[in-house]
Amino acid sequence: MEAVTVVAALGFLLLAGAGGSAGDEAREAAAVRALLSRLLGPGRAADFSVSVERSLAAESDLDTYRLSGGGAGAQVRVAGSTGVAASAGLHRYLRDFCGCHVAWSSSQLRLPQPLPAVPEELTVATPNRYRYYQNVCTQSYSFVWWDWARWEREIDWMALNGINLALAWSGQEAIWQRVYLALGLTQSEIDEYFTGPAFLAWGRMGNLHGWGGPLPRSWHLKQLYLQHRILDRMRSLGMIPVLPAFAGHVPKAVTRVFPQINVTQMGSWGHFNCSYSCSFLLAPEDPMFPVIGSLFLRELIKEFGTDHIYGADTFNEMQPPSSEPSYLAAATSAVYEAMIAVDPDAIWLLQGWLFQHQPQFWGPAQVEAVLRAVPWGRLLVLDLFAETQPVYIRTASFHGQPFIWCMLHNFGGNHGLFGTLEAVNQGPAAARLFPNSTMVGTGMAPEGIGQNEVVYALMAELGWRKDPVPDLGAWVTSFADQRYGGVHQDAEAAWRLLLGSVYNCSGEACSGHNHSPLVKRPSLQMNTTVWYNRSDVFEAWRLLLTAAPTLAASPSFRYDLLDITRQAAQELVSLYYEEVRTAYLNKELVHLLRAGGILAYELLPTLDKVLASDSHFLLGSWLEQARTAAVSEAEAYFFEQNSRYQLTLWGPVGNILDYANKQLAGLVADYYTPRWQLFVGALVESLVKDVPFQQHQFDENVFQLEQAFVLSTRRYPTQPQGQGRFLGPGAGQASQEVPEPERR
C-alpha cells in the first residue's frame with residue numbers, strides 16, 4: 001500500500017483523538033491536580049503549577065507536555081495538551097529531576113527541598129497517538145475483586161505512565177441482562193449463561209458460559225456503580241475508555257425464543273466439555289445479528305456514554321466454522337455494521353491474538369479477509385504479543401489497518417522474574433520504520449499485573465520515546481537508584497545481572513508463563529530448562545542481601561529482596577527436583593530421601609514463611625479481596641471459591657491446571673507443598689516396593705488434594721508475619737538456610 005493511502009486510512013483515528021473545549025482543559029487540569037495531591041499530599045502538591053493547554057499539540061497533533069520552573073521558592077510548572085500528557089510530564093519530572101519512582105508495589109517519593117529547577121524549558125511530544133493498556137484477561141486475573149479505592153490508584157498509575165487508551169469493561173453483564181430479558185430470556189436462563197466473576201473474561205470472549213456462576217444481583221449493581229466511577233475518572237484525565245460491543249456469541253436459550261435463528265455451535269475450549277464451552281455463534285447473515293448488536297450498544301451508550309472505540313473478539317482461541325474468506329469477511333462485517341448502526345463514528349479495537357494463536361488456520365487469505373472487511377482506519381488492531389511474535393511483519397502491517405505495538409509479557413498473572421527487555425526496547429522503533437507502517441501506538445497488554453515492574457517501567461517510557469533507550473545497562477542502574485531512593489553499588493550490580501539473565505530472554509519461545517516445577521503438578525517429565533544462568537540469580541540475590549543493611553528502609557527494596565528470594569527458591573526447587581528424578585531413576589533410595597526431604601519438607605515450608613513476611617505475597621489478602629466484594633457470608637464463600645479455582649484447577653477437573661499459578665504464603669503451604677510431599681512419598685514407595693511409579697494413579701490421588709484446597713474454608717492471615725526475616729545483621733547468611741543440591 002502506498003504511503004499516501006496509509007495516511008488517508010488513519011484519518012478516522014486522528015479525528016478520534018482530536019478536539020476538546022476550554023471546559024475540558026479546565027476539568028483535566030483539575031483532575032491532574034487532584035492526582036498530584038493524592039500522590040504527594042496537599043502540602044507538596046502546592047509546589048507545582050498544573051495546566052492543560054490543547055495548543056501545545058498544535059504542531060504535532062500528538063500528546064505533548066512542557067516542564068519549566070522550580071528551584072528556590074519557585075513552583076514547578078507542568079503543562080500538557082491533555083490531562084494524561086500533563087500527568088506524564090509530572091512523572092517525568094519526579095523521576096528524572098527528583099529521583100523518585102512510581103510503581104504498583106510501592107512508590108518512592110522522597111522529594112528534595114527545594115524542588116530542583118528545570119534548567120531550561122523542556123517540551124516533549126510522544127511519537128505515539130495511543131499508549132494502550134490492558135488485556136481482556138487482565139479484568140479477571142487482576143482486577144476482578146477491586147473496589148473503587150484500588151481502581152483509583154490504578155487510574156493514577158495509568159495517567160502517570162502516559163496511558164490514554166484502556167479497556168473499561170466493568171458492568172457489561174448488567175447491560176446484557178437487560179438485553180436478554182428484553183429479548184424474552186428468563187432470569188434462570190441468563191443465570192445459567194454468565195460465568196462466575198473470576199471467569200468473566202472468557203465469557204465475554206465466547207470461550208465459556210456458566211462456569212463458576214451464577215452472578216448475584218448485588219454483583220451487577222456494584223459493577224454498574226464501579227464502571228460509572230471508572231469512566232468518570234478516565235474521561236476527566238483525557239483518557240479514551242474502550243467499551244465492549246457485540247461479537248456474535250449468544251446464549252443457547254436464544255434458540256428457544258427464536259426457533260428459526262441461525263446459530264453454529266463452536267468447538268470446545270480449554271479442555272472444557274460442552275457443559276461450559278462450545279458457545280453458540282450467530283450467523284452473520286441472520287437478521288437477529290444487527291438487532292442484538294444494536295440493542296446492546298444502544299443500552300450501553302445510554303448507561304455510560306461513549307468515546308466511540310469498542311472492543312469485540314469473535315474468534316479468540318476458537319477456530320471459526322469456516323476458513324472461507326467470504327465467511328470470515330461476513331462475520332467481521334456483521335460485528336462492525338452492528339456498531340455503526342448505533343454509533344456512526346465507531347472504531348473497532350480488535351485483539352490480534354487470534355492471528356498469532358492459530359497461525360495454521362489464519363493463512364494470508366483468511367487474515368486479509370478479516371482486515372479488509374472493515375473500512376480502513378475504522379479497525380484498530382492490537383499486535384498483542386509483538387515483543388516475541390509480531391504479526392504486523394507477516395501481514396504487511398495488517399494490510400493497511402492501523403495497529404498498536406503491544407507487549408504482552410505476562411500470562412495468567414504468574415509470579416516469576418521474566419522479561420525480554422532488549423526486544424521490548426527495540427521493537428516499537430522497528431515497527432515504526434517498517435515499510436508503509438501503520439503503527440499508531442504502543443501498548444502494555446499483560447494478562448496479569450503486579451509483577452516484574454521494571455518491564456512495565458521501560459515499556460511506559462518507550463511510549464514517549466521515538467528511539468530505543470541507548471544503554472539499557474545505564475537505564476536499569478538509574479531504575480534501581482530511583483526505586484530505592486539512593487545509590488548502592490551492590491544493588492545496581494544486582495540489577496545489571498538480572499538485566500543480562502532473567503530479563504534477557506530472546507526468541508519466539510520466550511513466554512511470561514511460569515512453568516517451574518514449583519508451581520506445576522509433579523511428574524517425572526518436568527522441564528527445568530531456563531534461558532539464563534541460575535548462578536546469576538543467586539549472585540544477584542547475594543548482592544541485594546549485602547545491600548540490605550543500607551536499603552532496608554525502602555519498601556521497594558524490601559519487596560524486591562523478597563521477590564528475588566522467592567526466585568532463588570524457585571531455582572532451588574528445580575535443582576532439587578533434578579536430584580529427586582535422577583535418584584529415583586538410578587534407584588538410589590538414600591539420595592531420593594535426602595533430596596526429596598529437603599525439597600518438600602524444608603525448602604517449600606521455608607519459602608512459605610518468607611512469603612508470609614510481605615503483604616504482596618499473601619493468599620489471605622488475595623482471598624479477602626474476593627470476600628470483601630460480597631454482601632453476605634454465602635456470597636463471600638462463593639466468591640472465595642471462584643478465586644481459589646482460578647489460582648489452581650481453573651476448571652472443575654483441572655481443565656487448565658495451574659495456568660494462573662501464584663507464589664503466595666498459604667498457597668505454597670497448603671497446595672504446592674502437599675503435592676510435592678505426596679509425589680516424593682509415591683517415588684519412595686515405588687522404590688521400596690520395587691513397583692513402577694504410576695503417573696495416572698498419582699494424578700488421581702493428587703487431584704483429591706487439589707480439590708480439597710479449592711473447597712476448603714480455611715482462612716489465612718491478611719497481615720504479614722515475620723517482617724524483616726532476611727533484613728537483620730545476619731542477612732547475608734539467609735542463603736545458607738537450605739543446603740545446596742549435590743552435583744553428581
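How do the residues of the lining of the largest pocket divide into nonpolar, polar and charged? They comprise 24 nonpolar, 15 polar and eleven charged residues, where Ala, Val, Leu, Ile, Met, Phe, Trp, Tyr, Cys and Pro count as nonpolar, Asp, Glu, Lys and Arg as charged, and the others, Gly among them, as polar. The model is predicted: local features need pLDDT of at least 70 and side-chain atom pairs count only at pLDDT 80 or more, while totals for chains, interfaces and linings use all residues. Residues are numbered from 1 along each chain as its sequence is written, and side-chain values use heavy atoms, with hydrogens and water left out.

On a 1 Å grid over the protein atoms alone, a pocket is an open set of points with protein on both sides within 12 Å along at least five of seven lines, a cavity is a set where a 1.4 Å probe fits but cannot get out, and lining residues have an atom within 4 Å of a point. Points are joined across faces, edges and corners, and a volume is the space filled by probe spheres set on them.

The largest pocket has a volume of about 1,400 Å³. Of its 50 lining residues, Trp104, Trp146, Arg150, Arg153 and Gln625 lie nearest its centre. The helix α7 gives the most to this lining, with nine residues; helices (H or I, at least four residues) are DSSP runs numbered from the N terminus.

The whole structure also holds eight cavities of 30 Å³ or more. The largest cavity has a volume of about 260 Å³, and α8 supplies the largest share of its lining, four residues.

Methods: Helices (H or I, at least four residues) and strands (E, at least two) are DSSP runs, numbered from the N terminus.
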